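Subject: Structure handover

Hello,

I am passing on the structure we talked about. Please look through it first; my notes follow below.

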Amino acid sequence: MNIKLQGGKVYDPINNVYGKRMDVYINDGKIIKKNKVKGKINKVIDCRDKIIMPGAIDMHTHIGGGKVNIARMMLEELHHDHNDGCDSSAIIAPTTIKTGLKYIQMGYTSCFEPALLPINARQAHSEMADIPFVDKGGYALLGNDDFFLDLVKKKASQSLINDYVAFILNASQCIGIKVVNPGGINAFKFNQRALNVDEKSNYYDITPRTIIKILTRAIYDLGIPHPLHVHCSNLGVAGNYLSTIETIKAAESLPIHLTHIQFQSYGNNGDRSFSSAAPEISHYLNKTKNLTCDVGQIMFGQTVTMSGDSMSQHKNHHHAHPDKWMCMDIECDAGCGVVPFRYSDKSFINGLQWAIGLEVFLLAKDPWKVFLTTDHPNGGPFTSYPHLIKLLMDRSFRNDMFEKLPKSVQEHSILKSLKREYTLKEICIMTRSAPAKILGLKNKGSLGDDCDADITIYDQNKKDVEDFFANPSHVIKDGKVVVKNGKIVNYIWGKTQTVKPEYDAGIEKILGKFFEKYHTMKLDNFKISDDEMTNVIGSEIKVNECIHKRK
Amino acid sequence: MKPNSKRYITCPFCSLHCDDIQVEVNNNKFKIISENIKDCTSKIEYFNIKNSSNLSARISNKKISFKKAIDSARKMINNSNDITLVNHGTDVNGVRSLLNFAANYNCVVDHVNSKYLYRNLGIIQRKGYMATSLTETRNRSDVVILFGNNILKKSPRLIDKVIFPKHSLCTNLKSRKLLLFGDFDARSVKKMKSKYRVEHFKIDLNDTPEILSKLMSEDKLTKNLEGIRKTIKKSKYLVASWTTSDFDKCNDPDYIISSISDFILLLNKTSRAACMPIAGSLADATSSQTMSWITGFPSRVKFNGKSFFHDRNICNSQEIISNQNTDLAIHISTVNHNKVTLNDKIKNIFIGHINSTFNIKPDIFIPVGNPGIDHRGIMFRTDNVVSVLLDKIRENGLLSTQDVMNMLSGVHD
């Protein structure tokens, strides 16, 4: 089956194509060069008034796993959204089907769950297998599990830790490693209520800095494409930008990705002891070579926060709206906390959080280093991305919104002085090519030869940016037209993207003994095989290459 | 599988889903050789095929070919106006297939244990909740409180796997204390006391809220309770556990569970403590988790074309069936052969365990395999966070619930 996208304006940053009018050819799920087309063209899509981009990639969105289900069950009363032909589930805790439908209708073709507990991996993958259309993947949580902390405490070799990290990626079928509040979740189980970057945990006597250092090294040594994905210490605490900077330093120049950095860019100046430290953080982002981040922009309205950071979620439960919440300690592996929250545009703190996120976006010089996220649903639902893009691309719209916020917010932010307007090229980079690159997805985020035919076609006649990005005219996934004029025309199921670095099987003996001694299940039951993924869980896997052989 | 081979399997028959059960498999027959489940007598028999003739499908209790049973069931389904699906226990793929079927035929889907689910769920739907899991309890707790009377009978391996295992990572097992609140079996308590630090406080479970309130107050207490108060105040990681059905005879089960949760929240102001309800002997957690991610609701959903709605009263299958607000009930029961009560005023299709028993014979009986014995599958443990892989260890030709539901839905037509 050959498809030709005829005469569209193409944006393909990986191939340095920006707004060039050209044809794109698709054959059996792949993009191919014109000279490789064999046989007749079966379908031509007239794109003369269209803009063509690779399918968008959400590299940080909570779409599967125990915490998402807790939110669905907790907030049953919010499931009354009947306005869109989908089921009634609330967009802040949507069903798997609604998740897939809403993403594909916005032109997103791959999504990554950033807090996949290895012990909960079977559930997370089962859930994500039920999300239609999109490819998905997960980042396995490490750094608060007792096995890892015990290894560090016993001064295990970096090589042994590398084996463990590689084993976890294989066993949990993930594509990256994330650490949440390094050591803090574990410390909370021993009743510590905060843990600074250079503070030792009471039980294991280990600092977050040590954990960051060891894990960034492991990922580098193993050649895992995605750098350590870090939710820093002291999330949401006034003055936490210092912890963020120390976390960057802890990586000792190795690649590191800081997630939802908006929540980590707070100063404690001013009469309310809460201020923007976006300029300080952006300074580090711009000058540090191996540092990337996603923003975690907040949006006003009801949402639900869900995080592995049980320490911080327990601290914040007093702000729950509606007034209910849940925290859980999980299997000597990690933790979680689910706290519903309403961001109010009348609140000084929430208003400033909104401005801080935008400041981070606008102060970042390189769109290859900063990614567009709301940390769905923590900052707001992913369906608000088109609105967020408009805020970035349209200064006057942004300023109009800013002027509606309390005067106190306006006095504490430099937002109005930032004249930058993101270009289509920059949006394309930060939502497609840059996430593909940082995740090591060689066949995605690009319209080059032999890439996956995941393509979004926008209608150039839509003049409103938000409308433009919310309603692409066509979305093509794996070479099949799945959305046409906003309507779903084809149901398909994506793959699970993984990476499988090599490891010495000896780690399984050590870990197996640990499981026998301390766990309530066997190591064999913890591991998820490729066969289980395909034939029981229900998702085919795609193994991505490591950057290099293990060092 | 090699003849006379020994292997570990994961037990599908209670919510602990122990995977340290060793069996010897020979010519599709297997023998359980693990000592550790000798107390789970009521569960072991679920493994056995009593009589090979039971493998046949039946219509009005007469043996019939599998194909005819499926054809007849499809006819019955197509002639029905309001179908109710009652889940008595199946695996994740079984639940997926029920929902798929329900979407095609506009059915109500409910789990038979929904009332217990809503008792526990009520806490997180109303207020705060601190929870923990089996392995955390095993490795971190210094005090465990069990409320009820049957919890240890239902899940006997809570003791050797979780509360008093051989090893614990972060606590001294010799000083771990088990407090039993309720009417526990005296002989079992005596036996436990000879080995472990156990105290039994025989209380009327209705008094639970009042006792917990006293324990957290500064009021003067009886000597017994004063001792407990000291233990609780000294604890660094306390776990409270219960099984909701133990409160069936109480005046207000919701209030009791809520009071336990409140007690835990209060302890967390200065120390660490968490709840760990034991539930799910009919794969309740598997049902509620899978339904939640597919529909947004853990149970009691009525499909209507592409959309569906949830109402825990209107979609209560027991009420619907007893009021005959349905003309066909399809019961699915793969994890035990407990007696299933059917209503003779409506049509009944039963898809389930070969040894199942009934008050009246179902119109159509379609036997299916057990997940974890006859086919592979996934089930959730009681803590709702760990799901286990169930393997296939026997070949007897029985299909899975998913296979059968897909045939009934016409998925493979």
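Which residues in α5(A) are buried? They are A:I161, A:N162, A:D163, A:Y164, A:V165, A:A166, A:F167, A:I168, A:L169, A:N170 and A:S172. Please keep in mind that this is a predicted model.

Helix α5 of chain A covers residues 158-172, and with 11 of its 15 residues buried it is mostly covered. Its length agrees with expectation, because 15 residues at 1.5 Å a residue should span 21 Å and the end C-alpha atoms are 21 Å apart. Just after the helix, A:Q173 has a positive phi of about 55°.

Chain A as a whole

There are 19 helices and 24 strands in chain A. Its radius of gyration is 22 Å, close to the 24 Å that the globule rule gives for 551 residues, so chain A is as compact as a globular protein of that length. The C-alpha trace spans about 65 × 60 × 45 Å along its principal axes. Of the 551 residues, 61% count as buried. Among the contacts in chain A with a separation of 6 or more, 76% are between residues 24 or more positions apart.

The nonpolar core

In soluble globular proteins, nonpolar side chains tend to be buried together. Here the largest nonpolar core has 296 residues. The residues with the most contacts inside this core are A:V165, A:L215, A:M326, A:V338, B:L85 and B:I260. A:V165 is also one of the buried residues of α5(A). Leaving aside neighbours within four places in sequence, A:M326 is in contact with A:I70, A:M74 and A:V338 from chain A, and with B:I124, B:Y129 and B:A131 from chain B.

Where the chains meet

Between the two chains, 44 residues of chain A are in contact with 50 residues of chain B. On the chain A side, the elements that give two or more residues are α1 (66-74), α2 (96-105), α3 (121-129), β16 (325-330), α17 (506-518) and α19 (530-537). That side divides into 15 nonpolar, 15 polar and 14 charged residues.

Domains of chain B

Chain B is divided into domain 1 (5-36), domain 2 (57-113 + 282-409) and domain 3 (118-275). The C-alpha centres of domain 1 and domain 3 of chain B lie 30 Å apart. Contact between these domains involves 5 residues of domain 1 and 4 residues of domain 3. The side of domain 1 that touches domain 3 has 3 nonpolar, 2 polar and no charged residues.

Regards

Conventions. Residues are numbered from 1 along each chain as its sequence is written. Chains are lettered from A and ligands numbered from 1 in the order in which they are written. This is a predicted model: local features need pLDDT of at least 70, side-chain atom pairs count only at pLDDT 80 or more; totals for chains, interfaces and linings use all residues. Domain bounds come from an automatic or database domain assignment. Two residues are in contact if their C-beta atoms, placed from the backbone, lie within 7 Å. Ala, Val, Leu, Ile, Met, Phe, Trp, Tyr, Cys and Pro count as nonpolar, Asp, Glu, Lys and Arg as charged, and the others, Gly among them, as polar. Helices (H or I, at least four residues) and strands (E, at least two) are DSSP runs, numbered from the N terminus. The expected span of a helix is 1.5 Å times one less than its number of residues. A residue is buried if 20 or more other C-beta atoms lie within 10 Å of its own, exposed if 12 or fewer, and partly exposed in between; C-beta atoms are placed from the backbone. The radius of gyration is taken over C-alpha atoms; the globule rule is 2.2 Å times the number of residues to the power 0.38. A nonpolar core is a set of buried Ala, Val, Leu, Ile, Met, Phe, Trp, Tyr and Cys residues joined through C-beta atoms within 7 Å.
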